[in-house]
Amino acid sequence: MAKAEIETEEERRRRLKLEEALEIQSLRRIISAYLNYPDAAEEDVRRYERSFGKLPPAHKALLSHYPQKFQRLRWCISMNSHFIFNMLQAFEPPLDMSQDVDFSEDPHAECAEKDHLASEGINACSCESAPGRMTCSVSDQHGCVEGSGHTCRSPASVHPKEEVDIESHHQSNTESHSPSRIHTNKTSEYCGSPIADSNGNIPVTSEQQWLDPSFQFNVPLVDVDKVRCIIRNIVRDWAAEGKKERDQCYKPILEELNILFPNRSEESPPACLVPGAGLGRLALEISSLGFISQGNEFSYYMMICSSFILNHSQTAGEWTIYPWIHSNCNSLSDSDQLRPVSIPDIHPASAGITEGFSMCGGDFVEVYSDSSQVGAWDAVVTCFFIDTAHNIVEYIEIISKILKDGGVWINLGPLLYHFADMYGQEDEMSIELSLEDVKRVALHYGFEFEKERTIETTYTTNPRSMMQNRYFAAFWTMRKKPAALQQQVP
């Protein structure tokens with residue numbers, strides 16, 4: 001018996017070690033995608049130049065401005081890279097990124113590695129708000145599954161805060177690493193950009209050795225495409241140019257919350273959860289309305305960027321990015337394609353947020369299935385979120401469980417199921433319900449409709465593009481019936 005227990009403990013330690021190694025590898029891959037952005041973008045420009053070089057002289061003469069456009073593109077790429085490098089220098093890895101990742105001892109590591117890297121997110125989390133800062137702690141999934149207490153805390157345990165700040169750290173069942181801030185040392189600059197060395201590398205401090213090229217991966221172009229997607233998401237959430245789209249998507253939600261909770265108490269504000277919070281703007285706007293607001297996000301791509309904007313923005317309009325340079329299609333003019341966008345449009349820390357505002361990194365199902373979350377929230381807001389599920393029925397069930405009796409679920413979004421066309425991955429679960437079935441499942445889990453309509457909107461769309469993809473998004477308010485009334489339903 002004792003021998004069996006020892007073997008079980010050894011298996012457990014090996015499993016935890018593998019999970020941490022996979023987490024490090026996944027995070028390195030995402031950081032590498034960010035760092036590979038300028039090289040991938042430069043290769044695009046070279047491809048444009050090669051195509052231009054194949055033109056006959058007469059055709060080149062008609063497009064004599066193109067060489068200058070290519071150089072302007074390079075300048076835009078350098079400005080985007082400047083923002084990305086500053087963002088990464090401010091990032092606090094939740095794990096020891098200097099660890100060697102060795103899978104040679106584990107026979108199951110190859111399969112686990114593929115599964116883990118496919119997720120590109122955070123397995124589970126522990127987060128709470130402490131005086132003067134907003135905290136988000138990332139832990140491995142076994143830390144939650146095996147009852148270590150590393151789960152997102154309910155709003156009742158949130159303490160007052162005074163400014164926006166995110167701290168991330170890794171916690172396992174075997175040890176805990178206290179969060180520490182990365183203080184970015186000043187480097188020599190030219191025109192606001194750090195001076196690279198002779199090899200084109202940005203200097204890093206001893207605290208940022210995980211940015212060293214030796215820790216980076218050669219990532220597929222699809223990973224770099226996700227970085228470009230993040231740049232477009234920044235416009236949606238944090239630029240004046242994204243206001244029209246935010247008004248289409250966020251404004252109806254904010255207006256509905258304002259109507260449903262007219263007499264909000266400063267001493268005991270209502271608590272609102274925002275799963276799939278992305279870059280955090282909607283969660284911040286809800287906090288500014290007078291709610292204890294918690295955003296939840298799974299993607300490290302998103303969390304790295306939202307942390308930087310929320311915590312490190314010094315003023316509105318501090319950064320300039322060029323989000324539309326990566327597509328030559330459907331442009332009205334070169335000046336439209338190469339136009340600058342200033343971010344953020346507001347200073348997040350000066351937005352009048354309510355005490356208790358927090359961002360929690362982790363998978364929605366794993367984090368909010370914890371018993372501490374049952375009946376913890378007055379409102380759940382989902383915006384372009386419910387179709388991210390492998391099993392949308394499970395999402396709805398969890399939303400029902402975590403709401404208080406009489407709590408409200410406000411939803412806006414389409415049903416563009418994220419895992420619907422995962423060809424080549426036979427075990428990738430995807431339950432793709434019609435809107436009619438989604439409503440029926442919601443009724444089963446104790447919801448009743450109060451409002452419902454369709455809202456026409458776009459998502460991270462270039463407002464000056466000749467092509468505009470539009471959604472006719474479902475918008476509803478549902479209320480969770482008290483348990484006694486649910487039991488009366490046949």
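This is a predicted model: local features need pLDDT of at least 70, side-chain atom pairs count only at pLDDT 80 or more; totals for chains, interfaces and linings use all residues.

Start by selecting Leu289 and showing what surrounds this residue. Setting aside residues up to four places away in sequence, Leu289 touches Leu254, Leu257, Asn258 and Arg264. You'll find Leu289 in the loop between α9 (281–288) and β9 (292–297). Buried or exposed, or something in between? With a relative accessibility of 25%, Leu289 counts as partly exposed.

The mean for the protein chain is 80, and 73% of the residues reach 70 or more. Select residues 103–119 and you'll be on a stretch where pLDDT stays under 50; the model gives this stretch 22 contacts beyond four places in sequence. Then try residues 156–200, where pLDDT is also below 50. Beyond near neighbours in sequence, residues 156–200 have 120 contacts in the model.

Next, zoom out and switch to cartoon. The protein chain has 15 helices and 16 strands. It runs to 490 residues, and 51% of them count as buried.

Now for a pair of helices. Select α7 (residues 221–238) and α8 (residues 243–260). Their axes come within 8 Å and cross at roughly 70°. Angles of 65 to 115 degrees count as roughly perpendicular, so that is the label for α7 and α8. Show side chains where they meet: α7 brings Val235, Arg236, Asp237 and Trp238, while α8 brings Glu245, Arg246, Cys249 and Tyr250. Colour that contact by residue class and you get 4 nonpolar, no polar and 4 charged.

Stay on α8 and pick out Gln248. This residue is buried, with a relative accessible area of 15%. What does Gln248 contact, once neighbours within four places in sequence are left aside? The partners are Leu412, Ile455, Glu456, Thr457, Thr458 and Arg470.

Select α13 (residues 392–402) and α14 (residues 435–444), whose axes come within 10 Å and cross at roughly 35°. The crossing of α13 and α14 is right-handed. At the contact, look for Ile392, Val393 and Ile396 on α13, facing Val438, Val441 and Ala442 on α14. What classes do these residues fall into? The contact of α13 with α14 has 6 nonpolar residues, no polar and no charged.

Now jump to helix α1 (residues 2–35) and select Ser32. Its relative accessibility is 1%, so Ser32 counts as buried. Beyond neighbours within four places in sequence, Ser32 is in contact with Gln216, Phe217 and Val219.

Last, some backbone details. Most residues other than glycine have a negative phi, and most peptide bonds are trans.

- Select Ile343 and Pro344: a cis peptide bond joins them, with omega at about -15°. Pro344 is in the loop between β11 (341–343) and β12 (358–361).
- Select Phe384, where phi is near 50°, a positive value in a residue other than glycine. Phe384 is in the loop between β13 (377–383) and α13, and is buried, with a relative accessible area of 13%.
- Select Thr460, another residue other than glycine with a positive phi, near 50°. The loop between β15 (447–457) and β16 (471–480) holds Thr460. This residue is buried too, with a relative accessible area of 14%.

How values were computed: Residues are numbered from 1 along each chain as its sequence is written. Side-chain values use heavy atoms; hydrogens and water are left out. Axes are lines fitted to C-alpha atoms, for helices over the stretch in contact, and angles run from 0 to 180 degrees between N-to-C directions. Helices (H or I, at least four residues) and strands (E, at least two) are DSSP runs, numbered from the N terminus. A crossing is left-handed if the near helix is turned anticlockwise from the far one by less than a right angle, and right-handed if clockwise. Contact means heavy atoms within 4.5 Å. Ala, Val, Leu, Ile, Met, Phe, Trp, Tyr, Cys and Pro count as nonpolar, Asp, Glu, Lys and Arg as charged, and the others, Gly among them, as polar. Angles under 35 degrees count as roughly parallel, over 145 as roughly antiparallel, 65 to 115 as roughly perpendicular and the rest as oblique. Buried means under 20% relative accessible area, exposed over 50%, partly exposed in between (1.4 Å probe, protein chains only). pLDDT is the predictor's confidence in each residue, from 0 to 100.
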